[in-house]
Amino acid sequence: MAAGSGESFTSCVCKGIRRCLICESVKGKRRIETEEHKVVHHFIYDPVTRTAIREDAEPSSFPFPGVFLWENFISEEEEMELISTMDQDLWIQSQSGRRKQDFGPKVNFKKRKVHVGSFHGLPAWSQKLVLRMQAEVPLAGFQPVEQCNLDYNPQLGSAIDPHLDDSWLWGERLVSINLLSDTILSMSLEQGLPEAGLEEGVHVAVHLPRRALVMLCCEARHRWKHAIHRKDIHERRVCSTFRELSAEFLPGGAHAQLGVQLLDIALSFQGSSV
């Protein structure tokens with residue numbers, strides 16, 4: 001059954017430290033965004049100068065490489081078509097008040113095992129988006145092997161905690177398309193940034209406009225944790241995140257043969273949510 005934005009929930013799938021508004025009311029537990037409390041230095045990302053500019057003290061800035069922001073990556077008409085297509089498919093409940101649709105291989109990151117499973121490729125409708133990505137210099141040669149759609153709902157307290165994406169399977173560039181509403185991608189360093197004279201927690205707010213594409217690579221991908229905090233979800237937000245393979249799964253890597261198989265499947269664009 002298709003699940004659009006109007007579906008209501010009375011239970012959740014949060015585990016461990018994960019929280020949403022439903023489990024907080026049912027279990028009586030409070031979600032604490034601990035990394036937010038540790039932050040001392042606040043900056044805003046400037047996509048023109050590609051610097052982080054201080055917003056809470058004397059003016060200062062530092063270079064912030066590894067973030068590529070492409071506003072109006074898709075049109076309003078394309079956005080509505082994409083959302084309509086997604087909502088015809090099944091949304092699966094995920095942790096922290098999110099719903100998801102996965103198009104990718106079955107992965108056990110702890111045991112470092114990858115299985116094709118029921119993976120038949122990325123969805124047909126994403127092919128034109130991938131071709132458009134590849135036309136940009138920062139995304140030249142980008143060949144996604146996985147696509148994950150996430151649905152954020154303010155009524156559920158949707159969020160995603162600060163984290164670093166896996167780098168064993170997933171490669172250098174992480175690409176997301178932001179749909180339906182503006183939000184803030186929160187980049188953080190708990191240990192500070194000594195080279196900029198910042199000895200305590202640092203937060204850089206990357207403003208993501210509706211219909212924009214954002215790419216993370218280099219230090220923004222491997223050093224800075226990224227998150228979407230509950231307070232920055234004011235309306236329904238959907239994002240599509242695309243991931244490429246790491247060098248270990250490319251020619252010359254230890255799992256190159258499996259990598260070829262995964263790419264052939266992914267780029268057939270014949271997939272359905274798994």
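Modeller: Leaving aside neighbours within four places in sequence, aspartate 232 is in contact with Asp182, Thr183, Ile184 and Ser186, where contact means heavy atoms within 4.5 Å. Aspartate 232 is found in the loop between β15 (225-228) and β16; strands (E, at least two residues) and helices (H or I, at least four) are DSSP runs, numbered from the N terminus. With a relative accessibility of 8%, aspartate 232 counts as buried; the term denotes under 20% relative accessible area, whereas exposed is over 50% and partly exposed lies in between, with a 1.4 Å probe and protein chains only. The side chains of aspartate 232 and lysine 231 are joined by a polar contact of 3.4 Å. Such a contact is a pair of N or O atoms within 3.5 Å; within protein, one must be able to donate a hydrogen and the other to accept it, and residues adjacent in sequence count only if both atoms are side-chain atoms.

This is a predicted model, in which local features need pLDDT of at least 70 and side-chain atom pairs count only at pLDDT 80 or more, while totals for chains, interfaces and linings use all residues. Residues are numbered from 1 along each chain as its sequence is written, and side-chain values use heavy atoms, with hydrogens and water left out.

The strands on this side of the model follow. Strand β12 (residues 183-189) pairs with β15 in the antiparallel sense over three bridges; two strands pair if DSSP finds at least two bridges between them. Serine 186, one of the contacts of aspartate 232, has alanine 227 as its bridge partner in β15. β15 is also joined to β10 by two bridges, again in an antiparallel arrangement, and there histidine 163 has histidine 226 as its partner.

Serine 158 lies in the loop between β9 and β10 (160-163). With a relative accessible area of 0%, serine 158 is buried. A polar atom of its side chain lies 2.8 Å from the backbone nitrogen of asparagine 153. Not counting residues up to four places away in sequence, serine 158 touches Ser96, Gly97, Arg98, Asp151, Tyr152, Asn153, Arg230 and Ile233. Tyrosine 152, one of these contacts, has arginine 237 over its face, at 4.9 Å from the ring centre. A charge sits over a ring if NZ of Lys or CZ of Arg is within 6 Å of the ring centre and within 35 degrees of the ring normal.

Tryptophan 170 stands opposite leucine 245, and leucine 179 has valine 238 as its bridge partner. β11 is also joined by four bridges to the antiparallel strand β14 (residues 213-216), where serine 176 stands opposite valine 214. Nine of the 10 residues of β11 are buried, so the strand is mostly covered.

The buried residues of α6 are Ala256, Gly259, Leu262, Leu263, Ile265 and Ala266, and they pack against β8 (113-115), β9 and β16.

Aromatic contacts complete the account. The structure holds eight aromatic pairs. The ring centres of tryptophan 70 and phenylalanine 73 are 4.8 Å apart and the planes stand at 80 degrees, so this pair is edge-to-face. Rings of Phe, Tyr and Trp (its six-membered ring) pair if their centres lie within 6.5 Å; planes under 30 degrees apart count as stacked, over 60 as edge-to-face and the rest as tilted. Phenylalanine 73 is buried, at 3% relative accessible area, and arginine 132 lies over its face at 5.5 Å from the ring centre. Elsewhere, ring pairs link Phe43, Tyr45, Phe62, Phe64 and Trp224 into a cluster.
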